[in-house]
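Reader: I have a model open and want to learn to read it. Please take me through its features.

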Amino acid sequence: MYNSQVYEGTYYVTQKVGVCETERSAITFNVNDETPLPTASSQTFCGSAVVSDLVVTGLDGAIFQWFNSATSTTPLADDQALSNGTYYVSQEVDGCESNRKAISVQIVNNAAPQIANAMDVCEGATIGDVEIPATSGVTYKWYTTPVAVTALPASTVLTNDTYYISSVFNGCESERVTVDVQTTPAPAAPTGEAQQAFVYEISMNEVTIADLVVNEGDVLWFISEEDAATLTNPLPDDMPLSNNTTYYAVVVGNGGCVSETFAVQVTVVLDNEKFDRTKLNYYPNPTNNVLNIEYISNIESVEIYNTIGQLVSVQEFNSNQVTVDMSKLSSGTYMLKLQIDGYQQLIKVMKK
């Protein structure tokens, strides 16, 4: 009887003492629908925030209550400071409280980034060239004054000046750190003859990178202008030169500043009356997997070098028609040195 379902309507109640019972009093029950969860999502705040800053929506006239756990019985005060973590919110309508909805809260620190107050860069460097260590999602903004509104574009060329840098994470921009920038001039580009020719004599060692002539010492040589600009894959001194190939030299100065490139077009002529270039045939070039080589004399061996002068394969033969296996090599340009009747010949081959 006492656990009977109560429905909306009017009920009557009496109290009985002994055999005496009072008159009946009417009680009207209104049964509300179950109160739904309020609507709220994960929220990020810059610097600091309090409970009243949290955004939540729900039914008309609803009273929202925030808690720091799913089971807490004490609602948080509106001026309670928030921290990184999970908070829970319910809504109450006509005395009926909903279940609690969990949301995550992130407070982004707006302190100035930890960047050295002095920075050395190469002359001509732009803001985009400067690498500042950062955690995932963090970017930086550069300004000319502590209160400037517009950040400098990444293409801005840095000068000897003071800059103000902030960090940005999840849409929150930090305070600015003052950084003094000092530029270092790049060294002058190497100089010399832009076209250089060499005679490759059979009785001598092959012509190599070390034979290239410029007016400066301690230059670095590269197979492409892009590699030279980024100091990628410098060529070793003993790498054989390839005919009709352009090589690029730079000088690296103080602070790692790189000069402009200097290009040298190389011609290598074989000084060997026995060798008839017109009788040498190699195909297909470019090749996918194998290269066929034919000559009027026996080919004894083929050495394969990559663009940075590393010997990557040696294959032995004893025939004037040979098949060179290049299937295991990655795509790129290779130089092949052929040993033919005691003398050598260089050819350049592309591997797809």
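Author: We start with the whole protein and then turn to single residues.

Author: First, the ground rules. This is a predicted model, in which local features need pLDDT of at least 70, side-chain atom pairs count only at pLDDT 80 or more, and totals for chains, interfaces and linings use all residues. Residues are numbered from 1 along each chain as its sequence is written, and side-chain values use heavy atoms, with hydrogens and water left out.

Reader: How many helices and strands are in the protein?

Author: Helices (H or I, at least four residues) and strands (E, at least two) are DSSP runs, numbered from the N terminus. Here there are one helix and 23 strands.

Reader: What radius of gyration does the protein have?

Author: The radius is taken over C-alpha atoms, and the globule rule is 2.2 Å times the number of residues to the power 0.38. For 352 residues, a compact globule would come near 20 Å. This protein has 40 Å. Its C-alpha trace spans about 140 × 55 × 25 Å along the principal axes.

Reader: What share of the residues is buried?

Author: Buried means under 20% relative accessible area, exposed means over 50%, and partly exposed lies in between (1.4 Å probe, protein chains only). Buried residues make up 34% of the 352.

Reader: Where does Thr 35 lie, and is the residue buried or exposed?

Author: Thr 35 lies in the loop between strand E4 (25-29) and strand E5 (43-46). Thr 35 counts as buried because its relative accessible area is 9%.

Reader: Which residues is Thr 35 in contact with?

Author: Contact means heavy atoms within 4.5 Å. Leaving aside neighbours within four places in sequence, the partners of Thr 35 include Leu 59, Gln 91 and Cys 96. The side chain of Thr 35 also reaches the backbone oxygen of Cys 96 at 3.2 Å.

Reader: How many salt bridges are there?

Author: A salt bridge is a side-chain nitrogen of Lys or Arg within 4 Å of a carboxyl oxygen of Asp or Glu. That rule gives two. In one, Lys 141 pairs with Glu 173, with the closest N and O atoms 3.8 Å apart. This pair links distant parts of the chain: Lys 141 is in strand E11 (residues 139-143) and Glu 173 in strand E13 (residues 172-173), 32 residues apart.

Reader: And which residue forms a salt bridge with Lys 337?

Author: Glu 303 does, and the closest N and O atoms are 3.5 Å apart. Lys 337 sits in strand E22 (residues 332-340) and Glu 303 in strand E20 (residues 290-305), 34 residues apart.

Reader: Where is Leu 311 found, and which residues does Leu 311 contact?

Author: Leu 311 is in strand E21 (residues 311-325). Setting aside neighbours within four places in sequence, Leu 311 contacts Glu 303, Ile 304 and Tyr 305. Leu 311 is partly exposed, with a relative accessible area of 46%. Its C-alpha atom is separated by 71 Å from that of Asn 99, 212 residues away along the chain.

Notes. A polar contact is a pair of N or O atoms within 3.5 Å; within protein, one must be able to donate a hydrogen and the other to accept it, and residues adjacent in sequence count only if both atoms are side-chain atoms.
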